[in-house]
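Let's walk through this model together, from the whole chain down to single side chains. Keep the viewer open as you read.

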Amino acid sequence: PPKVKLMATANHTVRFNPNLYAVGHVCLSILNTWNGTPWSPALTVSTVLISIQSLMNEEPYHNEPGYEKNRRIDSSQEVKNYNDIIVHETLRVAVCGMLEGCYQDTSGLPIRLRQIMEQKFKDNYEKYAEIAKSKCSLNSNRMIDPFGSTKRGTFDFDAIMIKMKNIYDNLISINPEPMVVIPQPIVTNKGNNAPDYDDDFDFNYDSDSEIEQETE
């Protein structure tokens, strides 16, 4: 099977999912790194990417097999708490961290991939900012990871919003959005017997020169 390593981990400190480890390990059966259907020649890199994408669901807490059963608790609050952590770390590391590496030219990513990432960020900036704003009530609260990570720290969505704004402004200054020119309607004033000006009208028209030509 292909060798897959998760790169956006903030120097091996962030685990985004029970199947995505801070050391970069991707736990997936078709990679032969977990129990289940193994890799086969019929599979492709596209299959691997789709499988990894499927891990990033609305409740990644449940990706850990048997976790709730072993703990014998109502997990609804832990699911929400874990989602809040994932949102925070996704914006902080997978969005801000990776994009800072792009425009500082330290990411090591191919130029075309960097361009796609930067454009996607500009397209989704307002959405990201709205999500961060909606979570600001969590600021200063400790991030408690049900899967044992002790390096989460505290929520700070205010700092993330500032960082995203700086990244957005920087990207816009480097690659400004194209100006959209809106055609203006032709203005006529027939009530004052004024001519109907159109695109062919010569605003440099010199009436004196025409009079001189007629008198010659």
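Of the 216 residues in the chain, 29% are buried, where buried means under 20% relative accessible area, exposed means over 50%, and partly exposed lies in between (1.4 Å probe, protein chains only). Please keep in mind that this is a predicted model, in which local features need pLDDT of at least 70 and side-chain atom pairs count only at pLDDT 80 or more, while totals for chains, interfaces and linings use all residues. Residues are numbered from 1 along each chain as its sequence is written, and side-chain values use heavy atoms, with hydrogens and water left out.

The chain has six helices and zero strands, taking helices (H or I, at least four residues) and strands (E, at least two) as DSSP runs numbered from the N terminus. Contact here means heavy atoms within 4.5 Å. Among contacts between residues at least 6 apart in sequence, 54% join residues at least 24 apart.

Now turn to one helix pair. Helix H3 (residues 76-103) packs with helix H4 (residues 111-134) at an angle of about 145°, their axes being 11 Å apart. The axes are lines fitted to C-alpha atoms, for helices over the stretch in contact, and angles run from 0 to 180 degrees between N-to-C directions. The crossing of H3 and H4 is left-handed, that is, the near helix is turned anticlockwise from the far one by less than a right angle. On the H3 side, the residues that meet H4 include Leu91, Val95 and Met98, and their partners in H4 include Met117, Phe121 and Tyr128. The residues of this contact divide into twelve nonpolar, no polar and two charged, with Ala, Val, Leu, Ile, Met, Phe, Trp, Tyr, Cys and Pro counted as nonpolar, Asp, Glu, Lys and Arg as charged, and the others, Gly among them, as polar.

Which residues have the most contacts inside the largest nonpolar core? They are Leu91, Phe121, Phe157 and Met164, in a core of 19 residues. Such a core is a set of buried Ala, Val, Leu, Ile, Met, Phe, Trp, Tyr and Cys residues joined through side-chain atoms within 4.5 Å. H3, H4 and helix H5 (157-174) each give two or more residues to this core, and the largest share, six residues, comes from H3. A second, separate core of twelve residues includes Val14, Val26, Ile52 and Val93.

Finally, the cysteines: cysteine 96 counts as buried because its relative accessibility is 0%, whereas cysteine 136, at 22%, counts as partly exposed.
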